Amino acid sequence: MCDQEQLMAYLDGEASGAMAAHLEECADCRALAEDLRAVSARMIEWGVEPPSAGLDRRVRAALAPENKRSRRWWPWALSATGVVAVGLLAVAIRPGPRMQSVPLQRVVAEMAVPTAGAPLIARTAQIALTTSAFDQARRAIDDILAHHQGYFGDMNLTSPTDAGRTLTATIRVPASQLDATLAELRRLGRVESESQSGEDVTAQSVDLDARLANARHTEERLTDLLRQRTGNLADVLAVEKELDNTRGEIERMEAEQKALATRVAYATVSVTLTEGHAASAASTFSRLRNAAADGFRSLGLAIVAVALFLLAWGPSIVVFGGLVWLIWRGVRRLVIRRTP
Amino acid sequence: MDSDETLIAEFRRGSREAFEELFARYREPLCGFFRRRLESRERAEDLTQETFLAVIRGAARWEPRALVRTWLYGIALKLLYAERRKLKRSSPLADSAAGGAPENALWVRQALAKLDETEREILMLREYEQLNYAEIAELLRIPVNTVRSRLFRARMALRDCLKGGA
């Protein structure tokens with residue numbers, strides 16, 4: 001019995017030439033070989049049309065011609081410039097009001113932060129400081145933010161009576177200004193702790209931009225479909241519904257893109273500023289004064305509370321109290337009269 | 001002519017020309033790969049584009065021990081599976097004729113549609129993508145001997161169709 005699979009492997013170039021001699025001798029195997037060749041020949045008849053020029057443009061655009069100087073940054077440079085090019089192309093060929101939306105790299109570029117072609121890094125830092133000149137340091141943070149075009153994300157100031165004050169704040173500064181900002185913050189007091197980290201979001205942004213480009217492509221096709229189809233109302237409604245879904249998806253991805261761009265463009269710094277021991281140790285008199293002030297404040301609050309109670313319940317107390325008093329007096333007189 | 005592996009190595013060093021060459025070699029085969037497996041020409045081109053974008057951003061992760069061709073079709077297969085999951089289609093073959101002689105193409109598509117899914121994939125990877133048994137085994141994560149036996153079975157099924165329908 002001939003090994004037919006071995007024969008097929010031989011015809012596919014996957015087996016040794018020993019099969020050639022066998023083929024000469026075996027008519028069955030020659031017939032099988034003919035069949036196998038006929039199957040392959042028949043399959044090849046299913047040809048497909050070549051890809052459109054649009055594919056070439058889109059892929060070649062992904063290799064924007066600016067990686068000569070940035071070879072050291074490969075593959076980030078290629079990825080980033082590719083995304084810009086693909087994104088711009090997608091925007092350029094797409095009709096309608098969505099053309100104003102821009103790819104991530106351009107959003108970042110508009111914020112004047114990282115150089116195009118650099119990896120996209122979302123930077124975060126944390127710094128904890130202790131200072132005896134708390135108020136001065138607090139004002140200095142405002143000045144630092146103003147100087148570096150940053151802003152407060154959130155801020156919380158606590159002022160316990162038995163300890164120094166603490167300011168915890170999240171500030172956002174342009175990523176390019178992070179190092180300078182941290183250098184200035186360090187000068188505000190003694191650095192208790194400091195850390196920095198960076199999350200590489202390049203791949204995330206490339207994925208997002210590719211998905212966005214595809215969604216826009218779909219939207220474009222659906223728009224065309226809607227323009228061309230005038231027949232069945234149900235079909236038109238179905239296409240409109242799909243178009244709405246696609247647009248919703250595009251808007252969601254654009255929001256995600258902007259959020260990502262902001263994370264890259266602005267570094268996040270968590271600042272903890274604590275009033276030093278010198279300041280709190282010298283505050284015995286302040287603590288006595290604060291205790292007295294608190295006492296007076298409590299007294300005032302108690303008086304106000306009593307006044308509020310009287311105003312709220314006074315009329316009722318007068319009316320019902322009077323009635324009770326009259327009843328009690330009447331009962332008492334009755335008792336006296338009957339007493340022998 | 002430089003090998004695919006040389007080209008990808010040059011591309012990793014920043015050579016745009018190397019990528020251009022790689023793209024020129026694989027644009028039609030990859031587009032054909034998707035075109036024969038999906039209904040929509042647009043989606044086939046989109047996924048071809050996504051494959052090359054994945055190459056651009058993933059070239060740094062390519063390891064010399066793997067063939068570029070296997071790597072490329074591996075990416076393409078992953079994208080194809082993701083697309084099929086999205087479409088939730090049972091039949092992965094394109095419905096519309098895709099150039100060439102329509103009646104012959106139709107016969108081939110119908111005959112392929114009758115095959116078991118894995119056998120069909122093995123046969124298509126062999127005939128259209130011209131991958132060898134080892135490459136197919138690596139892509140589909142099955143033993144080489146399984147590739148060989150299932151390929152033989154698929155070809156025999158197609159031969160029977162051919163003889164019956166001719």
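Two residues are in contact if their C-beta atoms, placed from the backbone, lie within 7 Å. This is a predicted model: local features need pLDDT of at least 70, side-chain atom pairs count only at pLDDT 80 or more, and totals for chains, interfaces and linings use all residues. Residues are numbered from 1 along each chain as its sequence is written, while chains are lettered from A and ligands numbered from 1 in the order in which they are written.

**View 1. Contacts within chain B.** Of the contacts in chain B with a separation of 6 or more, 58% join residues 24 or more positions apart.

**View 2. The helices of chain B.** Chain B has 8 helices and 0 strands. Helices (H or I, at least four residues) and strands (E, at least two) are DSSP runs, numbered from the N terminus. Of the 166 residues in chain B, 41% are buried. A buried residue has 20 or more other C-beta atoms within 10 Å of its own, C-beta atoms being placed from the backbone.

**View 3. Where chain A meets chain B.** Chain A gives 40 residues to the contact and chain B gives 41 residues. Elements of chain A with two or more residues on this side include helix 1 (4-11), helix 4 (53-61) and helix 9 (202-228). Helix 3 of chain A supplies the largest share, 7 residues.

**View 4. Confidence along chain A.** The pLDDT, the predictor's confidence in each residue from 0 to 100, averages 78 in chain A. Confidence there is highest in helix 12 (residues 284-338), at a mean of 90, and lowest in helix 6 (residues 104-110), at 41. Residues 86-116 of chain A have pLDDT below 50.

Technical notes:
A residue is buried if 20 or more other C-beta atoms lie within 10 Å of its own, exposed if 12 or fewer, and partly exposed in between; C-beta atoms are placed from the backbone.
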